[in-house]
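Here's a quick briefing to read alongside the model. Have the sequence and the 3D view open as you go through the points.

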Amino acid sequence: MHDSHRKAAEQHELAAKAHRTAAEHNEKGENETGNWHSKRALEYSDRAYQLAKEAHAKSGQIVTL
């Protein structure tokens with residue numbers, strides 16, 4: 001269960017980094033590069049959302065060891 005949450009958190013962090021990088025490039029007028037990083041950020045965000053939903057669903061389940 002903790003692994004699911006960790007993977008979702010990692011994707012959130014990657015998305016945040018890509019968003020920051022996109023913003024830096026756009027501020028410099030490097031729109032093509034900024035757009036590429038924006039697309040990557042969206043991909044990471046979408047993946048993070050899916051993993052977070054899965055982790056949330058699993059966290060309510062009782063698991064026997």
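**His 25 and its neighbours**

Leaving aside residues up to four places away in sequence, His 25 touches Glu 30, Thr 33, Gly 34 and His 37, where a contact is heavy atoms within 4.5 Å. A heads-up before the rest: this is a predicted model, in which local features need pLDDT of at least 70, side-chain atom pairs count only at pLDDT 80 or more, and totals for chains, interfaces and linings use all residues. Residues are numbered from 1 along each chain as its sequence is written, and side-chain values use heavy atoms, with hydrogens and water left out.

**Helix H1**

- His 25 lies in helix H1, residues 2-27; helices here are DSSP runs of H or I with at least four residues, numbered from the N terminus.
- His 25 counts as buried because its relative accessibility is 17%; buried means under 20% relative accessible area, exposed means over 50%, and partly exposed is in between, using a 1.4 Å probe and protein chains only.
- How far apart should the ends of H1 be? With 26 residues at 1.5 Å a residue, H1 should span 38 Å, and its end C-alpha atoms are 38 Å apart, so the two agree; the expected span is 1.5 Å times one less than the number of residues.
- Just after H1, Gly 29 takes a positive phi of about 85 degrees.

**Helix H2**

- H2 has 29 residues and reaches 41 Å from its first C-alpha to its last, close to the expected 42 Å.
- Which residues of H2 are buried? They are Gly 34, His 37, Ala 41, Ala 48, Leu 51 and Ala 55.
- H1 is included in what covers the buried residues of H2.

**Glu 43 and Arg 40**

- Glu 43 sits in helix H2, which runs over residues 31-59.
- Glu 43 is partly exposed because its relative accessible area is 46%, and Arg 40 counts as partly exposed at 28% relative accessibility.
- The side chains of Glu 43 and Arg 40 meet in a salt bridge, 2.9 Å from N to O; a salt bridge is a side-chain nitrogen of Lys or Arg within 4 Å of a carboxyl oxygen of Asp or Glu.
- Glu 43 and Arg 40 are three residues apart in H2, about one turn of the helix.
- Glu 43 and Ala 16 are 27 residues apart in sequence, and their C-alpha atoms are 11 Å apart in space.

**Salt bridges at Asp 3**

- How many salt bridges does the structure hold? It holds four.
- Asp 3 forms a salt bridge with Arg 6, with the closest N and O atoms 2.3 Å apart.
- Asp 3 and Arg 6 are three residues apart in helix H1, so about one helical turn separates them.
- Asp 3 also forms a salt bridge with Lys 7, where the closest N and O atoms are 3.3 Å apart.
- Asp 3 and Lys 7 are four residues apart in H1, which means they are separated by about one helical turn.
- Asp 3 counts as partly exposed at 36% relative accessibility, Arg 6 at 40%, and Lys 7 at 37% relative accessible area.
- Asp 3, Arg 6, Lys 7 and Glu 10 are linked in a network of salt bridges.

Note on methods. Helices (H or I, at least four residues) and strands (E, at least two) are DSSP runs, numbered from the N terminus.
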